[in-house]
Amino acid sequence: MANDKGPLSGIRVADFSTHAAGPFAGLMLAEMGAQVIKVESSARLDITRRPHPMYGKPAPSFEQVNANKMSATLNLKQPRAIELALELAKVSDLVLQSFRPGVFDRLGFGYEALRNAKPDIILVSLSSNGQSGPEYNYAGYAPLFAAIGGLGNLTGYPDGPPVELRHGMDHTGGMLLAFSAVAALCAKRRTELGQHVDVSVRDLGSSFIGQALMDFAMNGRETQRQGNRDDSAAPQGVYRCSGKDEWVSISVRSQAEWKGLVDAMGTPEWAQGDRFGDAFRRWKEHDALDELITEWTGKYSPMEVTERLQSRCVPAFPSLSPSQLKSDRHLEEREAFPTIVHAEKGEMRAVVPPWRFSKTPSSIDTWTPDLGEHNMNVFHGILGLPKDEVESLQDSQVIW
């Protein structure tokens, strides 16, 4: 439930966020040693904890973003539950929430109420459009974040529509939320002040397209969708290999890398002369170049192509499926998928945090908690309520 060796050991987080982005931030903080208490309710289950309409079980995304946490239930429609939520905030360093702007305030649990309960509290709020502006109250999910931020309009093929980015936007939003939370903790260490941090996933999308915005500002030119193309280098793309739906990604940006690619292909006659002699010529001829490269990659597996190119310092790697990732030798050696023992489910595989601290290690120690699994730990053990009062509040569906 808390890694006492992690860099955030000793930090307590009350996590009221739902869906994917906010809980992913809580997961990252928990992996770094914070004690993260996921506050949820039987009255309104997190959408990813609800049974999946097709598979019956909760969505895998819930398991993915809620490991290492405690689970406590509060029915926030009940005044006593709001009181308990404020008591929990008093003993926490951070509060995370991803409700639509205004909802927390209407519940009596907004930043002003939190600050009255604990003046130095840090509230980090995640939303589609931020906590202010004419569209602050608009609803939104991951497929919309890139669209309203401008990133989606740049993603896709020239002859096709913009592409939804989905989970990538959720998880990137979660990373920004975690980063902002840690930054606020650093500021508090220096100033002893808490604050309200407003994180907008819409603004996140816009922050990724600075080059396109500058191009329009300077040249009045709209950047167009390019598929896997690069705007200045070739070859750049994903190339079909032997086998069913097998692909390798190749990226060439320098003359030395081009020479390495030509050498790996056996110095074919078409690669000689001026036609593909420099970066500009290759970029102008990228369609023809892609066809010629695909003729070569189609004879080999993605790993064979990768090894031939990487041995010549040419950036290349297979486009791996989930099953291939699980058995990837590099990830196995880095112990990227550790085994976690669950009391009822037995051994389960988890995804390790994508960073390594040499002195304060991060880790996945416990599987996703059951709904309300830690009610007694939180309300009796942390808040100090008598056990019989906790049981009574459970019976009256306040702790529920």
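**Backbone, sheets and helix packing**

Author: Thr267 lies in the loop between α10 (255–264) and α11 (279–284). Helices are DSSP runs of H or I with at least four residues, strands are DSSP runs of E with at least two, and both are numbered from the N terminus. The model is predicted, so local features need pLDDT of at least 70 and side-chain atom pairs count only at pLDDT 80 or more, while totals for chains, interfaces and linings use all residues. Residues are numbered from 1 along each chain as its sequence is written, and side-chain values use heavy atoms, leaving out hydrogens and water.

Reader: What is the phi of Thr267?

Author: The phi of Thr267 is near 50°, which is a positive value in a residue other than glycine. Most residues other than glycine have a negative phi, and most peptide bonds are trans.

Reader: Which residues does a cis peptide bond join?

Author: Ala234 and Pro235 are joined by a cis peptide bond, with omega about 0°. Pro235 is placed in the loop between α9 (210–219) and β7 (236–240).

Reader: Turning to the sheet of six strands, what is the order?

Author: The order is β3-β2-β1-β4-β5-β6, in an open sheet with parallel pairing. Two strands count as paired if DSSP finds at least two bridges between them. β3 (70–73) and β6 (195–200) are at the edges and each has a single partner strand, so one side of each lacks a neighbour in the sheet. From one strand to the next, the twist averages 20°.

Reader: How many bridges join β1 to β2?

Author: Four bridges join β1 (residues 12–15) to β2 (residues 35–40), and these strands run parallel. Val13 has Val36 as its bridge partner in β2.

Reader: Which strands does α16 touch?

Author: α16 packs on the sheet and touches β1, β2 and β3, and its direction makes about 80° with that of β3. Contact here means heavy atoms within 4.5 Å. Axes are lines fitted to C-alpha atoms, for helices over the stretch in contact, and angles run from 0 to 180 degrees between N-to-C directions.

Reader: And at what angle do α16 and α17 pack?

Author: α16 (residues 375–382) and α17 (residues 387–395) pack at about 135°, with axes 9 Å apart. The two helices are therefore oblique to each other. Angles under 35 degrees count as roughly parallel, over 145 as roughly antiparallel, 65 to 115 as roughly perpendicular, and the rest as oblique. The crossing of α16 past α17 is right-handed. That term applies if the near helix is turned clockwise from the far one by less than a right angle, whereas anticlockwise is left-handed.

Reader: Which residues meet there?

Author: From α16, Asn375, Met376, Phe379 and His380 meet Lys387, Val390, Glu391 and Gln394 of α17. By class, this contact of α16 with α17 has three nonpolar, three polar and two charged residues. Ala, Val, Leu, Ile, Met, Phe, Trp, Tyr, Cys and Pro count as nonpolar, Asp, Glu, Lys and Arg as charged, and the others, Gly among them, as polar.

Reader: How close do the axes of α1 and α7 come?

Author: The axes of α1 (residues 21–31) and α7 (residues 167–191) come within 7 Å and cross at roughly 50°. α1 and α7 are therefore oblique to each other, and their crossing is right-handed. Among the residues making the contact are Phe24 and Met28 of α1 and Met175 and Leu177 of α7. The residues of this α1 and α7 contact divide into ten nonpolar, three polar and one charged.

Reader: What about α6 and α7, at what angle do they pack?

Author: α6 (residues 142–149) and α7 pack at about 80°, with their axes 7 Å apart. That makes α6 roughly perpendicular to α7. Ala142, Phe145 and Ala146 of α6 make the contact with His167, Met169 and Asp170 of α7.

Reader: Back to sheets: what is the order of the open sheet of three strands?

Author: The order is β7-β8-β9, with antiparallel pairing. β7 and β9 (316–318) are the edge strands, each with a single partner, so one side of each is left without a neighbour in the sheet. Three bridges join β8 (residues 247–251) to β9, where Ile250 stands opposite Ala316. Helix α13 (residues 302–310) lies across β8 and β9 and runs at about 165° to β9.

Reader: Finally, how many aromatic pairs does a search of the whole structure find?

Author: The search finds eight aromatic pairs. Rings of Phe, Tyr and Trp (its six-membered ring) pair if their centres lie within 6.5 Å. Phe16, Phe99, Phe104 and Phe109 form one aromatic cluster.

How values were computed
Phe/Tyr/Trp six-rings, centres within 6.5 Å; stacked < 30°, edge-to-face > 60°.
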